[in-house]
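Hi everyone, thanks for coming. Let's take a look at a protein chain together, and please have the structure open as I talk.

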Amino acid sequence: MAAPGERRGGGRSSGCPRAVKSWWRLAVLLLSVSSLPAVSALVEGLYCGKEVCYDVLGVTREASKSDIARAYRQLARRYHPDRFRPGEPGSEGDTQEFAHNKFLLIATAYETLKDEDTRRDYDYMLDHPEEYYQHYYAYYRRRLAPKVDVRVVVLVTICAISIFQYYSWHSSYNEAINYLMTVPKYRIQATEIAKQQGLLNRTKEKGKNRRSKEEIREQEEEVIRDIIKNKIDIKGGYQKPNLSDILLCQIVLFPYYLTNYVAWYVSWVYRFTICREEYGVEEKLYIIRRYMKLSQTQFDRLEESTKQTFLDKQLWIKENFEVYRKEQEEEMKVKMATDTRMKRYRRWMKNEGPGRLTFIDD
């Protein structure tokens, strides 16, 4: 006979595993039962709900598109809210609300089965009813997916941006031409060129062909405008718009530009790094522009005399450029120190300053 303490100890050692197993089974059972309403709710919200879409339309799973469309039209004529009449043969006891809900169910079934992809997902759900969450994902992925192809949207957006770019640049170019026509220097030059070409020689006109002074002046303005457009090369932000600069063309021509850049870079390394060739004028200006951290458009805005000064000082050499940069900084400091406006500003900051307050004693 075992002692009481031993019997209790033995009871605990043999009873604990059984108790753990029973509690584990109970937890699994409760979890499964609690998940049933959620799963049922998911199935209820998909496609035709608890109804089978084929049964709603009265067709089989092997029915063709034409059979599905024919069945839908027959049922729609019968249950459409605008055509439904209570008490008709076959509709005894049906109400207007019943017909409305029935028509919505018929329309849902037709929308599900008329599309090949949606019908394929629905057939898969019927064959694999246990994959609840996968059906839920496939259903709402198709419902929430954009109806228009994303590629079409991107293409239309790029085209719209490109059109806006072109007309914006064209407007800026016209503004630049209008401004140059008011500058005496360019206007006089254009007038001289027009006279040399015989475009402004006024001939005496008689009879019906005689024009008024305003018409002659307008024609002269157009001639001067055309000469300024053709003779003056405007660079920078107001240059003449080019179709190759818009976004659409840049994207289309990107492989071409990339190929050219790779070929240029390989040629640069081969000529000036491996073969040790001397730089040409274009190469020197390119190196100077890179040292100054200017874009091609900003560099093109500089005067030709300024570019020639860069070449004369041999700024493509790193040491010469560093000396030039320090000289420019010193020159700027001297200019700011000798500027009368800067002196007044520093004097005001020292005596008054934005943070100083003057107190007046009573």
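Let me begin with a question: does lysine 307 count as buried, partly exposed or exposed, and what is its relative accessibility? Lysine 307 counts as buried, at 8% relative accessibility. For these words, buried means under 20% relative accessible area, exposed means over 50%, and partly exposed is in between, using a 1.4 Å probe and protein chains only.

Before we go on, a word on where this comes from. This is a predicted model, in which local features need pLDDT of at least 70 and side-chain atom pairs count only at pLDDT 80 or more, while totals for chains, interfaces and linings use all residues. Residues are numbered from 1 along each chain as its sequence is written, and side-chain values use heavy atoms, with hydrogens and water left out.

Now the overall picture. The chain has 16 helices and zero strands; helices (H or I, at least four residues) and strands (E, at least two) are DSSP runs, numbered from the N terminus. Of the 362 residues in the chain, 22% are buried.

Next, the charged pairs. Side chains of opposite charge can pair when their charged atoms come close. We call it a salt bridge when a side-chain nitrogen of Lys or Arg is within 4 Å of a carboxyl oxygen of Asp or Glu. The structure holds twelve salt bridges.

Back to lysine 307: its salt-bridge partner is glutamate 304, with the closest N and O atoms 3.8 Å apart. The two are three residues apart in helix 14 (residues 304-312), so about one helical turn separates them. Glutamate 304 is exposed, with a relative accessible area of 54%.

Helix 4 (residues 96-114) holds another pair, glutamate 111 and lysine 114, again three residues apart and separated by about one helical turn. Their closest N and O atoms are 3.4 Å apart. Glutamate 111 is partly exposed at 45%, and lysine 114 is partly exposed at 36%.

Which parts does the salt bridge between arginine 61 and aspartate 123 tie together? Their side chains meet at 3.8 Å, N to O. Arginine 61 lies in the loop between helix 2 (53-57) and helix 3 (65-79), and aspartate 123 is in helix 5 (residues 116-127), so the pair ties together parts 62 residues apart in sequence. Arginine 61 is partly exposed at 34%, whereas aspartate 123 is buried at 16%.

Finally, find Lys318, Glu322, Arg325 and Glu329, which are linked in a network of salt bridges.
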